[in-house]
Amino acid sequence: ELNDKKGMAESYNNIGLIHNNQGNIPLALEYYAKSLKIREQINDKYGMATSYSNIGYVHHRQSNIPLALEYYAKSLKLQEELNDKKGMANSYSNIGVIHHHQGNIPLTLEYYGKSLRLREELNDKKGMAESYNNIGVIHYQQGNIPLTLEYYGKSLRLREELNDKKGMAESYNNIGVIHYQQGNIPLTLEYYGKSLRLR
């Protein structure tokens, strides 16, 4: 009614997000596309970057890797142009996740590392905890237990500092898995118990 295009784009994006969370992919993409079209018309580059990222995430969930990478790359290009470091860190992480799923460990670590460095620069502790955990997972899959525990520990300390109970429960569980595989049953039960109590 007000012809508030920026607001309309945001509303379309939010409705798309709801449909995405409900698993209604066609409607999610329809509303994300409506949002993106308006953002392109008004040259809202921050908004366009968000739209590209959201569309990329939907394609990622649908295992359409080429399209996911295409939209994540579009988002990243705009974020770099805008020097949106938080957005760039998220895009690097998203791209790293895709390379992880494809089994490309060197590229995974490269993108996780880029994301982590930006998050450290921004002192984004929640993001840093996520990055440390993601890197820990890679070292775990490569069988490097000392590095796995080091990164899981870094992630846990930040999550405890932030009182991020969901994240702490994940970290306790991950560390419990390591102790279980090493045959240390008392420590396994201790960490699984900590995770369970929070959950």
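A salt bridge here is a side-chain nitrogen of Lys or Arg within 4 Å of a carboxyl oxygen of Asp or Glu. Side chains of opposite charge can pair when their charged atoms come close. The model shown above is predicted. A search of the whole structure turns up eleven salt bridges. Three of them are followed below.

Start with Glu-130 and Arg-119. Their side chains form a salt bridge, with N and O 3.7 Å apart. That value counts because the cut-off is 4 Å. Glu-130 belongs to helix H7 (residues 125–141), while Arg-119 belongs to helix H6 (residues 105–122), so this pair ties together parts eleven residues apart in sequence. Are the two partners buried or exposed? Glu-130 is partly exposed, at 34% relative accessibility. Arg-119 is buried, at 2%.

Next, turn to helix H2, which spans residues 25–41. Here Glu-30 pairs with Lys-34 in a salt bridge, and their closest N and O atoms are 3.5 Å apart. Glu-30 and Lys-34 are four residues apart in this helix, which means about one helical turn separates them. Glu-30 is partly exposed, with 37% relative accessibility. Lys-34 is partly exposed too, with a relative accessible area of 33%.

Finally, look at helix H10, residues 185–198. Glu-190 makes a salt bridge with Lys-194, and the closest N and O atoms lie 3.5 Å apart. Glu-190 has 37% relative accessibility and counts as partly exposed. Lys-194, at 27%, is also partly exposed.

Conventions:
Residues numbered from 1 in each chain as written. Predicted model: local features only at pLDDT ≥ 70, side-chain atom pairs only at ≥ 80, totals over all residues. Heavy atoms only, no water. Helix = DSSP H or I, 4+ residues; strand = E, 2+ residues; numbered from the N terminus. Buried < 20%, exposed > 50% of the residue type's maximum accessible area, 1.4 Å probe, protein only.
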